[in-house]
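Please look over the sequence and the fold shown below. A short report on its parts follows.

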Amino acid sequence: MSRIIRIGIIGSGGIARSHASAYKKLLNVEIVAVADSMEGRAQAFIEQEQLLGAVAFEDHKKLLEMDLDGVSICTPNFAHHETSINALNAGKHVLVEKPMSVTLQQSIEMVEAAELSGKMLTVGFQPRYDPNMSLIKDIVQSGKLGNVYFVETGGGRRRGMPGGTFIRKDLAGAGAMADIGCYSLDMALHALGYPKPLTVSAYTSNHFGTNSKYHNEAAGFEVEDFGVAMIRLEGDIVLNYKISWAMHMDTLGATMFLGTDGGLKVTPAGSGPWSGVWDGSVGSMTLYHDVVNQHIESTIPVISHGLNLFDEKVKDFVVAIQNNLPAPIPGAEILYNQAIIDGVLRSAESKREVTIDLPY
Ligand SMILES: NC(=O)c1ccc[n+]([C@@H]2O[C@H](COP(=O)([O-])OP(=O)(O)OC[C@H]3O[C@@H](n4cnc5c(N)ncnc54)[C@H](O)[C@@H]3O)[C@@H](O)[C@H]2O)c1
């Protein structure tokens with residue numbers, strides 16, 4: 001029988017529940033500790049989730065003194081950096097929620113801590129576990145499109161602006177571009193094999209968030225609710241990326257990969273208020289190509305699945321711990337995602353194209 005994998009959860013708010021629920025479904029896994037900086041919150045979580053025998057802490061460093069194999073980091077974005085680095089330095093594997101951190105420098109330090117510790121740092125992008133997302137990557141990587149030179153992606157919500165820590169610049173880092181945009185970026189970059197980003201030219205706005213007609217925390221709304229960016233990637237590929245938390249439109253359109261031999265269009269499921277393929281809501285996939293000079297459109301059937309993507313991401317983390325595998329969604333890869341978000345903010349602020357400089 002395999003040994004029990006001992007897990008700690010840091011931050012016991014909304015998303016921590018999906019982590020707890022997923023761990024509880026796995027054999028030979030035990031959540032043995034929960035930490036939340038808000039008094040009483042970790043204990044209440046332990047009771048609500050019926051984590052028998054789990055210990056509650058307010059200070060995550062105390063939790064890290066325990067004998068644990070891995071930790072789920074489910075704090076607001078601003079605490080991902082400190083808690084991840086402390087966990088890695090304490091010899092624990094880390095599954096950190098998205099977006100990876102608040103600044104690019106923080107993400108670099110997290111990757112360095114993982115390398116030094118020899119422990120894994122994996123980032124919680126559950127749409128990766130949607131078989132349609134894997135299919136998009138397989139099509140792009142199959143060579144069927146030839147050389148891909150242009151990608152357009154994004155999506156958004158007609159109305160869907162969070163509040164609290166999500167709209168504070170110091171606590172969240174960025175708004176829609178990081179919160180839901182990081183998924184679109186991950187889908188496109190993953191399909192392309194994560195090419196290095198080189199430059200960004202971006203525009204952002206917050207016409208909705210700062211208007212009390214649309215947001216009840218308008219006075220404290222400090223981040224962007226809309227953004228568009230043109231990103232140059234290694235390999236002479238251009239990525240056009242647009243995202244919104246709020247807009248007077250049903251959808252920001254399809255995700256498209258244009259290649260020298262073919263094109264792939266992926267439309268979101270429906271054109272509802274949460275449209276976009278960023279969360280795995282694929283409506284249709286069409287391949288555009290020529291057959292003996294005829295312009296052909298081939299429908300690629302969308303894979304229906306009953307997977308709970310949150311369960312899958314947590315399971316993959318545990319499997320990696322059990323089998324000593326590399327991080328399923330490595331921080332070193334998601335660094336490029338964070339670098340683009342950082343470039344978007346710098347470019348929008350300066351109203352100029354900016355260069356992305358990465359140490360690796
Ligand atoms: N993968 C997804 O689909 C998904 C969905 C929602 C949120 N998220 C991400 O999950 C993270 C948390 O979001 P949420 O909605 O659960 O937030 P939340 O505010 O509901 O919960 C965060 C909890 O962390 C606690 N906390 C803050 N600082 C802490 C620290 N230093 N140590 C310990 N606890 C601390 C807070 O007291 C709070 O209870 C964010 O990064 C968010 O982007 C991911």
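Ile 73 stands opposite Val 96 in strand E5. Strands and helices here are DSSP runs, numbered from the N terminus: helices are H or I with at least four residues, strands are E with at least two. This is a predicted model, in which local features need pLDDT of at least 70 and side-chain atom pairs count only at pLDDT 80 or more, while totals for chains, interfaces and linings use all residues. Residues are numbered from 1 along each chain as its sequence is written.

Ile 73 belongs to strand E4 (residues 70-73). E4 and E5 (residues 93-96) pair in the parallel sense over four bridges; two strands pair if DSSP finds at least two bridges between them. Strand E1 (residues 5-10) is also joined to E4 by four bridges, and these two run parallel. There, Ile 10 has Ile 73 as its bridge partner. Both faces of E4 are covered. Gly 70 and Ser 72 on one side, and Val 71 and Ile 73 on the other, are all buried. Buried means that 20 or more other C-beta atoms, placed from the backbone, lie within 10 Å of the residue's own.

## The six-stranded sheet

E4 is part of an open sheet of six strands, in the order E3-E2-E1-E4-E5-E6, with parallel pairing. Strand E3 (55-57) and strand E6 (121-123) are the edge strands, and each pairs on one side only. Neighbouring strands are turned by 25° against each other on average, direction ignored. The angles use axes that are lines fitted to C-alpha atoms, for helices over the stretch in contact; they run from 0 to 180 degrees between N-to-C directions. Strand E2 (residues 29-35) pairs with E3 in the parallel sense over three bridges. Ala 35 has Phe 57 in E3 as its bridge partner.

## Helices around it

E4, helix H4 (residues 80-89) and E5 make a right-handed β-α-β unit. Right-handed means that, with the strands pointing away from the viewer, the path from the first strand over the helix to the second runs clockwise.

Helix H1 (residues 14-24) has buried residues Ala 16, Ser 18, His 19, Ala 20, Ala 22 and Tyr 23. They pack against E1, E2, helix H2 (41-48), E4 and H10.

## The nine-stranded sheet

Another open sheet has nine strands, in the order E14-E13-E12-E11-E7-E10-E9-E8-E15, with mixed pairing. Strand E14 (294-300) and strand E15 (354-355) stand at the edges with a single partner strand each, so one side of each lacks a neighbour in the sheet. Strand E8 (residues 197-205) and E15 run antiparallel, joined by two bridges. Thr 199 has Thr 355 in E15 as its bridge partner.

Helix H11 (residues 331-350) packs on the sheet and touches E8, strand E9 (226-233) and E15. Its direction makes about 55° with that of E8. Helix H6 (residues 131-142) lies across strand E7 (148-156), strand E11 (255-259), strand E12 (262-268) and strand E13 (282-291). H6 runs at about 165° to E12.

## Two domains

The domain assignment gives domain 1 (5-126 + 309-329) and domain 2 (127-306 + 339-355). Such bounds come from an automatic or database domain assignment. The C-alpha centres of the two domains lie 27 Å apart.

Where do they meet? In domain 1, 15 residues are in contact with 17 residues of domain 2; contact means C-beta atoms, placed from the backbone, within 7 Å. Helix H10 (residues 309-323) gives the largest share of the domain 1 side, three residues.

Terms used. Two residues are in contact if their C-beta atoms, placed from the backbone, lie within 7 Å. A residue is buried if 20 or more other C-beta atoms lie within 10 Å of its own, exposed if 12 or fewer, and partly exposed in between; C-beta atoms are placed from the backbone.
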